[in-house]
Amino acid sequence: MKYLTTENLPLQQPVPVLGEFLQLYYVRNPGAAFSLGSDVTWIFTIALAVVAGVIVWKAFGLRSRLWAVVLGALLGGVLGNLTDRLFRDPGFPMGHVVDMISMPWMMPAIFNVADIFIVTGMISVALLVVFGLRFDGSRERDHAVVETEEEAEAAAIADAAEHDRATAVAAPSDEPVEPSSGSTTADGR
């Protein structure tokens, strides 16, 4: 998309796609959102490289398809803008990012497809964290941590009682059922 923009669109002239709703508007952005920080472009280059490295590192432990899709989209957006920072004029590591999508009715910003992937990816990461989905596909609630020895003892007693109840329900006779030898007491015997 950036290649098509640089080859086919006039610089800083609106090209209506859907009237005022959607326009193509080719600009070269030296900074971050709204061209902020144009004097410290090299910091954005470092930040993008670090984010890309962390995503690639985390990808090796993924077993969740949803996390893989979200991090893949985020990585794609980061790499799209990082490539501009590294290889476009005025040069390494201060390159200007090619932006081309304008929606003047919604906001004054001009953005690109990579920005869409970054924003969508970050919102998705936040939602996955809020809903407690881990990289291995399990949920936070499945990993309740027992914090004290008393809680561990109470959990062991509850497990033993549940096992004894299940054994009593399964017994066909009216005779009392002895706890099985596999159950443990609170002191571990």
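Trainee: Is N8 buried or exposed? And once that is settled, could you look closely at the aromatic pairs?

Mentor: Happy to! Keep in mind that this is a predicted model. N8 sits in helix α1, which covers residues 2–8. With a relative accessibility of 56%, N8 counts as exposed, because the cut-off for that class is over 50%. Its C-alpha atom is 9.5 Å from that of Y26, a residue 18 places away along the chain.

Now to the aromatic pairs, of which the structure holds 2. One of them joins F21 and W105: the ring centres are 5.0 Å apart and the planes meet at 10 degrees, so this pair is stacked. The cut-off behind that label is an angle under 30 degrees. F21 belongs to the loop between β1 (15–16) and β2 (23–29), while W105 belongs to the loop between β3 (97–102) and β4 (110–111). Because the partners are 84 residues apart in sequence, the pair ties together separate parts of the chain. As for accessibility, F21 is partly exposed at 43% relative accessible area, and W105 is partly exposed too, at 47%.

The other pair is made by W67 and F135, and it is edge-to-face, with 4.6 Å from centre to centre and 75 degrees between the planes. Here, too, distant parts of the chain are linked: W67 is in helix α3 (residues 65–87), and F135 is in the loop between α4 (113–130) and α5 (149–170), 68 residues away. W67 has a relative accessibility of 5% and counts as buried, whereas F135, at 26%, counts as partly exposed.

α4 has 18 residues and spans 26 Å from its first C-alpha to its last, close to the 26 Å expected at 1.5 Å a residue. Its buried residues are A114, I118, G121, S124, V125 and L128. These cover an arc of only 140 degrees around the axis, which means that they lie on the same side of α4. There is a general rule to recall here: an α-helix has 3.6 residues a turn, so residues three or four places apart point the same way.

Finally, there is a nonpolar patch on the surface, formed by V40, W42, I43, I46, V50, V54, W57 and M94, with about 730 Å² of accessible area together. V50, one of its members, lies in helix α2 (residues 41–59).

Notes: Residues are numbered from 1 along each chain as its sequence is written. This is a predicted model: local features need pLDDT of at least 70, side-chain atom pairs count only at pLDDT 80 or more; totals for chains, interfaces and linings use all residues. Side-chain values use heavy atoms; hydrogens and water are left out. Rings of Phe, Tyr and Trp (its six-membered ring) pair if their centres lie within 6.5 Å; planes under 30 degrees apart count as stacked, over 60 as edge-to-face and the rest as tilted. Helices (H or I, at least four residues) and strands (E, at least two) are DSSP runs, numbered from the N terminus. Buried means under 20% relative accessible area, exposed over 50%, partly exposed in between (1.4 Å probe, protein chains only). Patches are made of residues with over 30% relative accessible area and no salt bridge: like charges are joined within 9 Å, nonpolar side chains (Val, Leu, Ile, Met, Phe, Trp, Tyr) within 5 Å. Accessible areas come from the Shrake-Rupley method with a 1.4 Å probe; for residues, only the protein chains shown count as cover. A salt bridge is a side-chain nitrogen of Lys or Arg within 4 Å of a carboxyl oxygen of Asp or Glu. The expected span of a helix is 1.5 Å times one less than its number of residues. The arc is that of the directions from the helix axis to the C-beta atoms.
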